[in-house]
There are 2 protein chains.
Amino acid sequence: MPESIHATKLAILNATERLVAAKGFEATSLRAITAAAKVNLAAVNYHFSTKDALIVAMLNRRMKPLNETRIAMLDRFEEEAGGKPVAVEKILEALFRPVVELIARPAKGGRNFLRLLALCLAEPGDFLQPLIEKEFAEKNRRFHLALRRSLPQLSEVEAHWRLHFAHGAFFHSVAHSQVLEYCSAGRCRLTNVETVLRRIIKFCAAGLRTSA
Amino acid sequence: MPESIHATKLAILNATERLVAAKGFEATSLRAITAAAKVNLAAVNYHFSTKDALIVAMLNRRMKPLNETRIAMLDRFEEEAGGKPVAVEKILEALFRPVVELIARPAKGGRNFLRLLALCLAEPGDFLQPLIEKEFAEKNRRFHLALRRSLPQLSEVEAHWRLHFAHGAFFHSVAHSQVLEYCSAGRCRLTNVETVLRRIIKFCAAGLRTSA
DNA sequence: TCTTGATTAAAACGAACGTTTGAATTAAGT
DNA sequence: ACTTAATTCAAACGTTCGTTTTAATCAAGA
């Protein structure tokens, strides 16, 4: 039963998430994790066999539900559109909202999980790259298709580029929001979910729609 | 004389740049670095005192010239504009071109340096955050001012947000270009500098200009 | 040529790491 | 109450890490 996951396993996953997000993969030791989780050192190897497997388990716990939520939201918008293309703003909302709403939910990983995704992209560990490539494949395919339907004047290549730009604008903004905070001397903060969504969707929609 | 830097020091810096970009900070050992640089292990501590100081030296070697080039280019555009606001596209070009041109210049760090910057943002080591915050401060201030002059209808807060979005779109795109490559099944590549610049500037200019 | 300071070299230091072991403890079925 | 499997625990394993030490080597100036 995956819902009645062992308490020790859960404590380890939570502590790992918090510590790795704060210090990075290699800089976080199993001793620090087990101390924070208040479990024995050997519990990690007992429940996850190795440290690498623990990292993978920690990531998979969050990644799969996140992308499922995104795709489900896109499904719903496509259903509501009834055969017609979904508006660019709706596509972006399905892509961004499930992520932004994570921030206000520490129980689902919160900001820590976003930092972890940024770490996965930046630290090209041998076993992480294939993992995220595989885990995001379906999401990427679906949103690319939706964008092409919504903006048929864009070539396939152009659509790839622009979706990449839009994803970059969004992901960098939320994963590294500390940059915005100190650039604006604290005047800009990622607090209100709806405000952030409105701003970033507006920006990206204009970029996606601009003439080639 | 900073131009006649010791050969050993230079070999260490180059090896560090390459290896850290490939493996990350903690995963790169001084033994791997000194082996790749073909120098003695103790040479690192002799020339840089500690590993952390070596990392800082490696980053500073590239960061300062990069931001100076950006600001110099903005200076030139402002001079050419002769008192009038610089066009948004020009501001973006001054911000992006010096970075993109790095990619084709392995002698100046190339793609490796971009990976390192992404690592700095993602791995929040205690001594890196203050470093980049200080090193990018002047650049951030100058480009924010230029943008406000160019788009006076934007409030100060709105300008901060949008510049953050634009920088994110660009930086994520070039630092994590492998994502674009596998999303497009290899059809999109960061090869031609001018093509990339034209696309990303077009995208960001539209996002910056869109009505509030 | 001798001397002085700078650099390189080999070897070792203690500390921290991931992992393994084997016994102690707990939980549950009969 | 006894048995059996699952889990926890303390301790240790061997390895690798950054750093230090001490001696050897080099490069010039007197």
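Predicted model: local features only at pLDDT ≥ 70, side-chain atom pairs only at ≥ 80, totals over all residues.

Q: Good to know. What is the average pLDDT of chain A?
A: Chain A averages a pLDDT of 94, and 98% of its residues score at least 70.

Q: And where in chain A is confidence lowest, and where highest?
A: Helix H7 (residues 128-135) of chain A is lowest, at a mean of 90. The highest is H2(A), at 98.

Q: Okay, the fold next. How many helices and strands does chain A have?
A: There are 11 helices and 0 strands in chain A. Read from the N terminus, the elements go α-α-α-α-α-α-α-α-α-α-α.

Q: What does the C-alpha trace of chain A span?
A: About 60 × 45 × 30 Å along its principal axes. Of the 212 residues in chain A, 39% are buried. Looking at contacts in chain A with a separation of 6 or more, 68% are between residues 24 or more positions apart.

Q: Now the two protein chains. How many residues of chain B are in contact with chain A?
A: 39 residues of chain B, and they touch 39 residues of chain A. On the chain B side, the elements giving two or more residues are helix H6 (110-122), helix H9 (156-175), helix H10 (177-183) and helix H11 (193-209).

Q: Which of those gives the most?
A: That's H9(B), with 11 residues. The residues on this side of chain B divide into 21 nonpolar, 11 polar and 7 charged.

Q: Why do you say the copies meet through the same surface?
A: Because 100% of the interface residues of chain B are also interface residues in chain A.

Q: I keep looking at B:Phe170. Which helix does it lie in?
A: B:Phe170 is in helix H9 of chain B.

Q: Is B:Phe170 buried or exposed?
A: Buried: B:Phe170 has 25 other C-beta atoms within 10 Å, and the cut-off for buried is 20 or more.

Q: What is B:Phe170 in contact with?
A: Leaving aside neighbours within four places in sequence, B:Phe170 is in contact with B:Phe96, B:Ile200 and B:Cys204. As for B:Phe143, which is 27 residues apart from B:Phe170 along the chain, the two C-alpha atoms are separated by 15 Å.

Q: Switching to the DNA. Which residues are closest to DNA strand C?
A: A:Ser29, A:Thr50, A:Lys51, B:Thr8 and B:Asn40 are the closest of the 16 residues that surround DNA strand C. At least two residues each come from helix H2 (30-37) and helix H3 (42-48) of chain A and from helix H3 (42-48) of chain B. H3(B) has the largest share of this surface, 3 residues.

Q: And which come nearest to DNA strand D?
A: Of the 16 residues around DNA strand D, those are A:Thr8, A:Asn40, B:Ser29, B:Thr50 and B:Lys51. The elements giving two or more residues there are H3 of chain A, plus helix H2 (30-37) and H3 of chain B. The largest share near DNA strand D, 3 residues, is from H3(A).

Q: Last one: how do the residues near DNA strand D divide?
A: Into 8 nonpolar, 6 polar and 2 charged. Near DNA strand C, the residues divide into 8 nonpolar, 6 polar and 2 charged.

Definitions and conventions. Residues numbered from 1 in each chain as written. Chains lettered and ligands numbered in written order. Contact = placed C-beta atoms within 7 Å. Helix = DSSP H or I, 4+ residues; strand = E, 2+ residues; numbered from the N terminus. Nonpolar A, V, L, I, M, F, W, Y, C, P; charged D, E, K, R; others polar. Near = placed C-beta within 6 Å. Buried ≥ 20, exposed ≤ 12 C-beta atoms within 10 Å, placed from the backbone. pLDDT = per-residue confidence, 0-100.
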